[in-house]
Amino acid sequence: MAELFDFLAAATNPTLAMGAYIGAGIMIGGGAIGAGIGDGLVTSQLVAGLARQPEARGLLSTWMFIGVGLIEAYAVIALVFGLVVLFGKP
């Protein structure tokens, strides 16, 4: 029962709550910004590659989709870690 009261006391501490909100926001925002920049770089290089060698469209598109998928996985991982920081037990 004492553990429950310790948890409630920590959960109602405004400093801990503020730190969790700021940390989660930085994690989720950083993941979104990083994924946006990465997606833009990958697709811009696809367009540049297609301008140089249009017959390699299938190969370049395949690698572009693999790269975008890996970049988006980074954003999802950042979202999950941000939610863990926000709702995790201090």
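Me: How many residues does H2 have, and what span does H2 reach from its first C-alpha to its last?

Reply: H2 has 39 residues, and its first and last C-alpha atoms are 57 Å apart. The expected span of a helix is 1.5 Å times one less than its number of residues. For H2 that expectation is 57 Å, and the span found is close to it. This is a predicted model, in which local features need pLDDT of at least 70 and side-chain atom pairs count only at pLDDT 80 or more, while totals for chains, interfaces and linings use all residues. Residues are numbered from 1 along each chain as its sequence is written, and side-chain values use heavy atoms, with hydrogens and water left out.

Me: What span does H3 reach, and what is expected at 1.5 Å a residue?

Reply: H3 has 31 residues and covers 45 Å between its end C-alpha atoms, close to the expected 45 Å.

Me: What pattern does the chain follow along the sequence?

Reply: The pattern is α-α-α, with 3 helices and 0 strands. Helices (H or I, at least four residues) and strands (E, at least two) are DSSP runs, numbered from the N terminus.

Me: Why is Leu83 called partly exposed?

Reply: Leu83, in helix H3, has a relative accessible area of 38%. Buried means under 20%, exposed over 50%, and partly exposed in between (1.4 Å probe, protein chains only). Leu83 is therefore partly exposed at 38%.

Me: Why does Gly69 count as partly exposed?

Reply: Gly69 is also found in helix H3. Its relative accessibility is 40%, so Gly69 counts as partly exposed. The C-alpha of Gly69 lies 9.3 Å from that of Asp39, 30 residues away along the chain.

Me: What makes Tyr21 buried or exposed?

Reply: Tyr21 belongs to helix H2. At 58% relative accessibility, Tyr21 is exposed.

Me: Why is Ala17 called partly exposed?

Reply: Ala17, in helix H2, has a relative accessible area of 24% and is therefore partly exposed. Its C-alpha is 9.6 Å from that of Phe87, 70 residues apart in sequence.

Me: Which residues of H2 are buried, and what covers them?

Reply: The buried residues of H2 include Ala20, Ala24, Gly31, Ala35, Gly38 and Asp39. Their cover includes H3. In H3, the buried residues include Ser61, Gly67, Ile71, Ala75 and Gly82, and their cover includes H2. Of the 90 residues of the chain, 20% count as buried.

Me: What share of the contacts joins residues at least 24 apart?

Reply: That share is 78%, taken among contacts between residues at least 6 apart in sequence. Contact means heavy atoms within 4.5 Å.

Me: What makes up the nonpolar patch on the surface?

Reply: Met27, Ile28, Val76 and Phe87 are among its residues, and the whole patch has about 960 Å² of accessible area. Patch residues have over 30% relative accessible area and no salt bridge; like charges are joined within 9 Å, nonpolar side chains (Val, Leu, Ile, Met, Phe, Trp, Tyr) within 5 Å. A salt bridge is a side-chain nitrogen of Lys or Arg within 4 Å of a carboxyl oxygen of Asp or Glu. Leu83, at 38%, is one of the patch residues. H3 gives the largest share, 9 residues, while H2 (14–52) and H3 (57–87) each supply at least two.

Me: How much accessible surface does the chain have?

Reply: The total is about 6500 Å², 75% of it on carbon and sulfur atoms. Accessible areas come from the Shrake-Rupley method with a 1.4 Å probe; for residues, only the protein chains shown count as cover.
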